[in-house]
Amino acid sequence: MTLKYGVMVCPKCGMAKGIESNKKTTTCQCGREIVMSRVKIMFLTDSPLELADSVAKANASLRGGEQLLTEKKSRKKDPYFRIAERAKPIKDPIERMRVIARELTELKSGFSLEDVRKVAAMLGKDSPEDIIARLQEHNLIYETEEGTYKAV
Ligand SMILES: [Zn+2]
């Protein structure tokens, strides 16, 4: 079985492009005709979905490490991201939830389900509803008013 699709970078415009590997030439959107045997095929797959994904990824990284870097930087300043980073290595789920609650309390002096959701989304482990429910169950947070919580 041969892999049908590949990714290459146009030597003229520098954009990544998905190609069918059984063809001899392809034309880039910049107008350049590319002879396949002269370019390096970076990625081979049978799945058109995987192909589209890797073209997008290649273009994102080609377009500039710079842009990606600033995105990463500003993300680091995001307090929710910081909390998620701190909670991530903690194995014990209750301990992890407790750290999230404590950090959110420090950050906002009272947090909501929405705040937990932002952290939980980055962790991808527990649902925000679960986190609130389990913390309440263990008396680790209390509700100061409808929908607002504080760590004990
Ligand atoms: Zn091109």
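An open sheet of three strands has the order β2-β1-β5, with antiparallel pairing. Strands here are DSSP runs of E with at least two residues, helices are runs of H or I with at least four residues, and both are numbered from the N terminus. Two strands count as paired if DSSP finds at least two bridges between them. β2 (16-20) and β5 (43-45) stand at the edges with a single partner strand each, so one side of each lacks a neighbour in the sheet. Neighbouring strands are turned by 25 degrees against each other on average, direction ignored. Axes are lines fitted to C-alpha atoms, for helices over the stretch in contact, and angles run from 0 to 180 degrees between N-to-C directions.

The model is predicted; local features need pLDDT of at least 70, side-chain atom pairs count only at pLDDT 80 or more, and totals for chains, interfaces and linings use all residues. Residues are numbered from 1 along each chain as its sequence is written.

Strand β1 (residues 5-9) is joined to β2 by 5 bridges, and the two run antiparallel. V7 has G18 of β2 as its bridge partner. Helix α1 (residues 48-62) packs on this sheet and touches β1, β2 and β5. The direction of α1 makes about 155 degrees with that of β2. Contact between two residues requires C-beta atoms, placed from the backbone, within 7 Å.

The chain is divided into domain 1 (5-63) and domain 2 (74-151), with bounds from an automatic or database domain assignment. Their centres, taken over C-alpha atoms, are separated by 43 Å.

Helix α3 (residues 79-87) packs against helix α4 (residues 93-108) at an angle of about 150 degrees, with the axes 9 Å apart. α3 and α4 are therefore roughly antiparallel to each other. Angles under 35 degrees count as roughly parallel, over 145 as roughly antiparallel, 65 to 115 as roughly perpendicular and the rest as oblique. The crossing of α3 and α4 is right-handed. A crossing is right-handed if the near helix is turned clockwise from the far one by less than a right angle, and left-handed if anticlockwise. α3 contributes P79, I83, R86 and A87 to the contact, and α4 contributes R96, V99, I100, E103, L104 and L107. By class, this contact of α3 with α4 has 7 nonpolar, no polar and 3 charged residues. Nonpolar covers Ala, Val, Leu, Ile, Met, Phe, Trp, Tyr, Cys and Pro; charged covers Asp, Glu, Lys and Arg; the others, Gly among them, are polar.

α4 also packs with helix α6 (residues 128-137), at an angle of about 100 degrees and with the axes 10 Å apart. That makes α4 roughly perpendicular to α6. The contact involves I94, M97, R98, I100 and A101 of α4, together with I131, R134 and L135 of α6. Its residues divide into 6 nonpolar, no polar and 2 charged.

The axes of helix α5 (residues 113-123) and α6 come within 8 Å and cross at roughly 115 degrees. This crossing of α5 and α6 is right-handed. L113, V116, R117 and A120 of α5 meet P128, I131 and I132 of α6. The contact of α5 with α6 divides into 6 nonpolar, no polar and 1 charged residue.

Strand β6 (residues 141-145) is joined by 4 bridges to strand β7 (residues 148-151), and they run antiparallel. E143 has Y149 of β7 as its bridge partner. The hairpin of β6 and β7 has 2 residues between the strands, and G147 takes a positive phi near 85 degrees.
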